[in-house]
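Me: I am new to reading structures. Please take me through one, feature by feature.

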Amino acid sequence: MTSPDPMNQPAENFADPFALLSSERLTWPEKKRALERWEFDELQKMQATGENMGPSKRERSHLRAVRYCLRKIASGELRD
């Protein structure tokens, strides 16, 4: 059994976006791409929930934290 890919399934690999940022496994460009993927996944979940196709168990959304981290990277406040 293989472990989830941190670039394509960041929510499966990290407890929250801040854990992703503190990871030494990824470079800063990889962290940015992983956060962008996480943002996409969170938006997809929101859309599915709005269409009554979401999971039966309520999940915590990390969208606000993901966007916060992306803004910090874009502003240059976070880098290696």
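Reply: Start with Gly76, which follows α4 and has a positive phi, near 85 degrees. Helices (H or I, at least four residues) are DSSP runs, numbered from the N terminus. This is a predicted model: local features need pLDDT of at least 70, side-chain atom pairs count only at pLDDT 80 or more, and totals for chains, interfaces and linings use all residues. Residues are numbered from 1 along each chain as its sequence is written, and side-chain values use heavy atoms, with hydrogens and water left out.

Me: Which residues in α4 are buried?

Reply: Buried means under 20% relative accessible area (1.4 Å probe, protein chains only). In α4, the buried residues include Leu63, Val66 and Ile73.

Me: Is Glu42 buried or exposed?

Reply: Exposed means over 50% relative accessible area. Glu42, found in helix α3, is buried, at 3%.

Me: What does the side chain of Glu42 make a polar contact with?

Reply: A polar contact is a pair of N or O atoms within 3.5 Å; within protein, one must be able to donate a hydrogen and the other to accept it, and residues adjacent in sequence count only if both atoms are side-chain atoms. The partner is the side chain of Ser61, at 3.1 Å.

Me: Where is Leu26?

Reply: Leu26 sits in the loop between α2 (17–22) and α3 (28–50). Leu26 is buried, with a relative accessible area of 10%.

Conventions
Helix = DSSP H or I, 4+ residues; strand = E, 2+ residues; numbered from the N terminus.
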